[in-house]
Each structure stands twice: as C-alpha cells, then as structure tokens.
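User: I would like to learn how to read the features of a structural model, one at a time. Could we begin with what counts as a contact?

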Amino acid sequence: MKLQAVKFGDGFTRWLRRDARPPTARELSQAIGFARITLIVGLVFLHYMRYPNSQVSPFDGMDVAHHPLATFVNSFVLFFFFSAVPLLSLISGWLFFSFAARPHAARFELQRRIRRRLRSLYLPLVFWNAVFLAILLSLFLWRASDPLLGVLNIRFERAGWFDYLNAVFGLTRHPVGFQFWFVRDLFVTVLISPLLWLLLRHAPYLGLAILGPAWLAGHDLLIFFRSDVVFFFYLGGWLRIGGVSLEVGRRAALTLALAYVVLVALRAAAPLLLGWDDQRPEWLSVATRAMRPIGVLACWGMVLQLAATPVGAAVARYGGLAFFLYAMHFPLIAEVKIQLWRLVPAPTDGWMLAHYLASVLITVAIALCAGSLLAYKAPRCFALMNGGRALDAGNSRAEPATRPAAAVLERKRD
C-alpha cells in the first residue's frame, strides 16, 4: 500500500510539472506578489457576504426560490475564493521556514522571525482595530440606529470590557475588523512555530496526521479561530523542508482550474441538486473543506501562468498594497453596500449582480487609492498600517534572475 502511494505521488508530481521549468527568483517573487493582491481582492468579493435583499447565506449555496442566478454567482465566487486563505497560509509557511537548509540556525531564526511577525502582523492588527473601534463607537454615540452597526460582531449597547478587548486584540473572539481573524491565527501559528519546526524535522507525518484531520473536521484546536491557517502553514513548511519545487505546468494548471471550477459550481448549486430542510448536512461541509487543496493547486498553477504575462507583471506591482487592502476593506465594503443599495432601482438579478460588482470594485479602488496616497504623503504611518511592507512589490525586477529563488525571497521577506 505504501509503495503504491509513493508511485501515485511520483506520477502525480511528474504530471504536475510535465511542461514546466523551475521559476527563477524574479518569476517566483512576481508570482507571490500577483497571488497576494489577486487573492486579497478575492477575499473582498467573499466578504461582500449576502445580498441586502437575500435571506439565504451564500455559504449554503444558491437560493433556489429567489434570484437563483444572482445568488449562484455570489455563492460560486465565495466558494472559489475559499482557497485564498489556505494558499496565502501555505505561501507564508514556505517563506517562514526558508532557513530549513540551515537547521543549525533554527533557534536564532525562529526567535528573530517571531519578533518580526509581532511587528508585521499583530501590531498592525491592534492598530487597525483600535481605529475601527474608535470610529464605530463614535458612530454609535452619534446615531445608534445606523445600519452599519448591525453588521458588526460587537453590539455597543450591551458590550462589556472584555468585548472591547476582543474587538481590538482578538483574544477569544474575532476583532471588530473580523477579517483580521486570519492575521491573528497566523500570528498564533508563528508563536507555536518552534513546535511546528520540531514536528517538521523529526515527525513530519505525525504533524500532518494531527493537523490534517483537525482541519478537515473543522476543529479549532482550542487556540485558533479556524485550523486552516496552521494546517496549510505547516504544509508550506513541509514543502520547504522537503525541497519541493513549486512549478506547475500549463496543462496541469488548466486541468486543475477546470476541475476546481466544476467542483465549485456543483457546490454552489448544491441546494438545487440535493436540497435540505433546515440545516445543510455535515458531510457537505466536510466535502467543501476537502475541495480547498484542489483549489490551492489550481490557483497556484494559474498564478504562475498569469503572473508571467505582461498584465500579470503589472498587477504584481500592487502586491505591496495587499495587506493594506486586506486591512481596510471591512467594514468599508459593508458601508459601500448600504449606500449603493439605495441606488438600485429594482431588486432583480441583473441589478443585484451590478450592485455586487460595484460594491467590490469601489471598495478596492478606495482602499488602493488611500494606500497609495498614504504611502506617498506619510510613509511611516503607511508602513505601520501595512505591516512594515513597502509599496514596492515590483522591486523584484532589480533582482538578478539567476539568483536562487529561496535566497532572494528569504532576504526580501525576513
């Protein structure tokens, strides 16, 4: 059985890389920049949530009875970008353990990288959520009935001191900028990275056997909001330690992308194909999570292909704004939704889709413009709000194309 699994793995790897070549440092850096900005835009689509006139959550799938086209598109995009957090986590893990070839330096590197992630992850989380909380609390004191307050995960009228702590620090519940659950879980993952390193070095398959089933079952392992981040971060470290090359061939990328699109379409149409009374079946939730590794491979394969194009190279230059966009987009998109919905002449499928697209594009445009302006006018403030990341995703153009990818990326990231 083990021999068959090894043969299957080798065969799959050969198929995956059949018409590919290892990316240069410049190409890999460009691909990561492209992945960051495009996946974050995908998360903005995801965090649009349901239409203002819809009673069915897109997490369940399309609404068969009301506006099936618009709700199908909303649900399809949501499930498609379910792979964004896993892929970003995998990239983070692959970059974090870039010292794997120098295990003697692990103690020093782990301490250094934990300190750096405190500044680049957790401090921006606290800063942004403190700003959000101050603005939203002022809004509550001015106009307690404002509809924006109804979409937040804090109720000011009954919030206690611990609710305010969570709103800023994300200790046991999502912060007020709920998208920061990912940053919080990533920072907690970094804090336990010495344990992950021991598992990766001495018992890699034990780590997979613990984290994999926990992720598939949706268990939070007591210290996380979701186990997606730690599992795929660990996978990234596993790939790094194993020296696995990251190339994906064009044919494999297109095949995986097509397979993933079909799976996502079937999942979005599940209420039509399966139907259920009150609550979706648990096996469907597990199957939804099981799609994500396919999505990670498909998305990464397409990222490699698209980032190598002139358009992809231009998009990758905005990678330096990815964190700022991620940080700013909520509750901004919730307010944009509220204001734009007042302009919708009729709640038809067409106008709902137009509202969906316009809400996301306006949110992205506001955030990118604000980030660019801040980077120009107040670079120190921008650096704090952007996790210490410079607005220079395109600076990989200055790196020699022949330099090993791992070495360049390690220097750029750490």
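Analyst: Contact means heavy atoms within 4.5 Å. Please keep in mind throughout that this is a predicted model. With that cut-off, and leaving aside its neighbours within four places in sequence, Phe-182 is in contact with Val-85, Leu-88, Ser-89, Val-229 and Tyr-326.

User: Where is Phe-182 found, and is Phe-182 buried or exposed?

Analyst: A residue is called buried when its relative accessible area is under 20%. Phe-182 is found in helix H7, and at 9% relative accessibility it counts as buried. The C-alpha atoms of Phe-182 and Val-85 are separated by 7.6 Å, although the two residues are 97 residues apart along the chain.

User: How many of the residues of helix H7 are buried, and what covers them?

Analyst: Ten of the eleven residues of helix H7, which runs over residues 181-191, are buried, so this helix is largely enclosed by the rest of the structure. Among the buried residues of H7 are Trp-181, Arg-184, Asp-185 and Thr-189. The cover over the buried residues of H7 includes H4, H5, helix H8 (193-202), helix H10 (228-241) and H16.

User: Which residues of H17 are buried, and what covers them?

Analyst: The buried residues of H17 include Asp-349, Met-352, His-355, Tyr-356, Gly-371 and Ala-375. What covers the buried residues of H17 includes helix H2 (25-46), helix H3 (68-80), helix H16 (322-341) and helix H18 (379-385).

User: How should I read the packing of two helices?

Analyst: Two packed helices are described by the angle between their axes and the distance between the axes. Here, the axes of helix H5 (residues 106-142) and helix H6 (residues 161-169) come within 7 Å and cross at roughly 125°, and H5 and H6 are therefore oblique to each other. On the H5 side the contact is made by Tyr-122, Leu-125, Val-126, Asn-129, Ala-130, Leu-133 and Leu-137, and on the H6 side by Tyr-164, Ala-167, Val-168 and Phe-169.

User: At what angle do H8 and helix H9 pack, and which residues make the contact?

Analyst: H8 and helix H9 (residues 204-217) pack at an angle of about 125°, with their axes 5 Å apart, and they are therefore oblique to each other. The contact is made by Leu-196, Leu-199, Leu-200 and His-202 of H8, together with Pro-204, Leu-206, Gly-207 and Leu-211 of H9. The residues of the contact of H8 with H9 divide into six nonpolar, two polar and no charged.

User: What should I look for in the backbone itself?

Analyst: Most residues other than glycine have a negative phi, and most peptide bonds are trans. In this structure, Met-49 has a positive phi of about 65° although it is not a glycine, and phi of His-67 is likewise positive, near 50°. Met-49 is found in the loop between H2 and H3, and His-67 lies in the loop between H2 and H3 as well. At 26% relative accessibility Met-49 counts as partly exposed, as does His-67 with a relative accessible area of 24%. Turning to peptide bonds, the one from Phe-330 to Pro-331 is cis, with omega near 15°, and Pro-331 is found in helix H16.

Key: Residues numbered from 1 in each chain as written. Predicted model: local features only at pLDDT ≥ 70, side-chain atom pairs only at ≥ 80, totals over all residues. Heavy atoms only, no water. Axes fitted to C-alpha atoms, helices over the stretch in contact; angles between N-to-C directions. Helix = DSSP H or I, 4+ residues; strand = E, 2+ residues; numbered from the N terminus. Parallel < 35°, antiparallel > 145°, perpendicular 65-115°, else oblique. Buried < 20%, exposed > 50% of the residue type's maximum accessible area, 1.4 Å probe, protein only. Nonpolar A, V, L, I, M, F, W, Y, C, P; charged D, E, K, R; others polar.
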